[in-house]
Amino acid sequence: MCQVGHVDLTRASLLREMLTGTELGSRTTEFGYSLRRFTTRRSGLMLFGPVDDEPWHLTAHLDDELHRAGIEDMRPSLVRWAPPPDAPPHLAIGLDRLRDSGRGESLLVVAEDNPAPTLLERISDVRRRGTTIFSIGNGDSELTSLSHEALVPELLVPDGFGWTSRRIEYDHDEPRSALTEVETQTEGFEMTQHLVSLAAADEEAGRAGWRRRLRTAIERLSGEPG
């Protein structure tokens, strides 16, 4: 099972079910669906971020989820500022990839802190080439203005919301490692990325918008869960 940061896929999936109907659940789902809808060229999904915080985790999680769902034509590429010469092929994609971008492709920018001017310049260049810009950030006005669609986790996730674990006591003797859960606190920024990854791999995400709306309306009328 893939585990990224402090959140494994089982917990992320359960959380997504719990958040159905909330603003966080709705926004991350629509964001993930839009990634699918606007990325029409094969291998056209690129991820990019600050030079000192490249979005490795989200790239890996998206790749896992899309592969698991059999969506091979949208497997993401991590665009790096300066990949080392001996990097494996999937980690050796440099800035030339941005210069080759165009219509039918999407650039997903992940920047938890205010983006540097050099990052914003690259994003602006890519946008002028017709690429759709998505961002997960902190609400920075310049990044938001460059984005066709933006998510700001701190506006969607209540403070302190997440999982905390506790020690489990047993009467019988077993190795302590089997009895103790790792204490974790899921931060909103990380949580949002997991929810987007799950949504992008949804079967529903590949359907036309009117089909999704019709199906949702029928389920509501019939009392079935959406």
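Leu-24 is buried, with a relative accessible area of 4% (buried is under 20% relative accessible area, exposed over 50%, partly exposed in between, with a 1.4 Å probe and protein chains only). Leu-24 lies in helix α2, where helices (H or I, at least four residues) and strands (E, at least two) are DSSP runs numbered from the N terminus. The model is predicted, so local features need pLDDT of at least 70 and side-chain atom pairs count only at pLDDT 80 or more, while totals for chains, interfaces and linings use all residues. Residues are numbered from 1 along each chain as its sequence is written, and side-chain values use heavy atoms, with hydrogens and water left out.

**Chain overview**

- The chain has 9 helices and 7 strands.
- Of its 226 residues, 46% count as buried.
- Among contacts in the chain with a separation of 6 or more, 69% come from residues 24 or more positions apart; contact means heavy atoms within 4.5 Å.

- Not counting residues up to four places away in sequence, Leu-24 touches Leu-19, Leu-156, Val-157, Met-191, Thr-192 and Leu-195.
- Leu-24 and Leu-155 are 131 residues apart along the chain, and their C-alpha atoms are separated by 8.9 Å.
- Ser-26 is also found in helix α2, and Ser-26 is partly exposed, with a relative accessible area of 36%.
- From C-alpha to C-alpha, Ser-26 and Arg-16 are 9.8 Å apart in space, and they are 10 residues apart in sequence.
- Ser-43 lies in the loop between α2 and β3 (45-48).
- The phi of Ser-43 is near 55°, a positive value in a residue other than glycine.
- Ser-43 is partly exposed, with a relative accessible area of 34%.

**Packing of α2 on α8**

- Two packed helices are described by the angle between their axes and the distance between the axes.
- Helix α2 (residues 23-38) and helix α8 (residues 188-200) pack at an angle of about 50°, with their axes 7 Å apart. Axes are lines fitted to C-alpha atoms, for helices over the stretch in contact, and angles run from 0 to 180 degrees between N-to-C directions.
- α2 and α8 are therefore oblique to each other; angles under 35 degrees count as roughly parallel, over 145 as roughly antiparallel, 65 to 115 as roughly perpendicular and the rest as oblique.
- α2 passes α8 in a right-handed crossing (left-handed if the near helix is turned anticlockwise from the far one by less than a right angle, right-handed if clockwise).
- On the α2 side, the contact is made by Leu-24, Thr-28, Thr-29, Phe-31, Gly-32, Tyr-33, Leu-35 and Arg-36. On the α8 side, Met-191, Thr-192, Leu-195, Val-196, Ala-199 and Ala-200 take part.

- Helix α3 (residues 56-68) has 13 residues and reaches 18 Å from its first C-alpha to its last, close to the 18 Å expected at 1.5 Å a residue. The expected span is 1.5 Å times one less than the number of residues.
- Leu-58, Thr-59, His-61, Leu-62, Glu-65 and Leu-66 are the buried residues of α3.
- Seen down the axis of α3, these buried residues fall within an arc of 170°, so they line one face of the helix. The arc is that of the directions from the helix axis to the C-beta atoms.
- The face of α3 turned away from its buried side carries the exposed residues His-57 and Arg-68.
- α3 and α8 pack at an angle of about 25°, with their axes 8 Å apart. That makes α3 roughly parallel to α8.
- The crossing of α3 and α8 is right-handed.
- In α3, Leu-58, His-61, Leu-62, Glu-65 and Leu-66 meet Gln-193, His-194, Ser-197, Leu-198 and Ala-200 in α8.
- Just after α3, Gly-70 takes a positive phi of about 75°.

**Helix α5**

- The 12 residues of helix α5 (residues 117-128) should span 16 Å at 1.5 Å a residue, and its end C-alpha atoms are 17 Å apart, which agrees.
- Buried residues in α5 are Leu-119, Leu-120, Ile-123, Ser-124 and Val-126. They cover an arc of only 165° around the axis, which puts them on the same side of α5.
- Exposed residues Pro-117 and Arg-128 are carried by the face of α5 turned away from its buried side.
- What covers the buried residues of α5 includes β3, α4 (96-99), β5 (106-111), β6 (132-137) and α6 (141-146).
- Gly-130 follows α5, and its phi is positive, near 100°.
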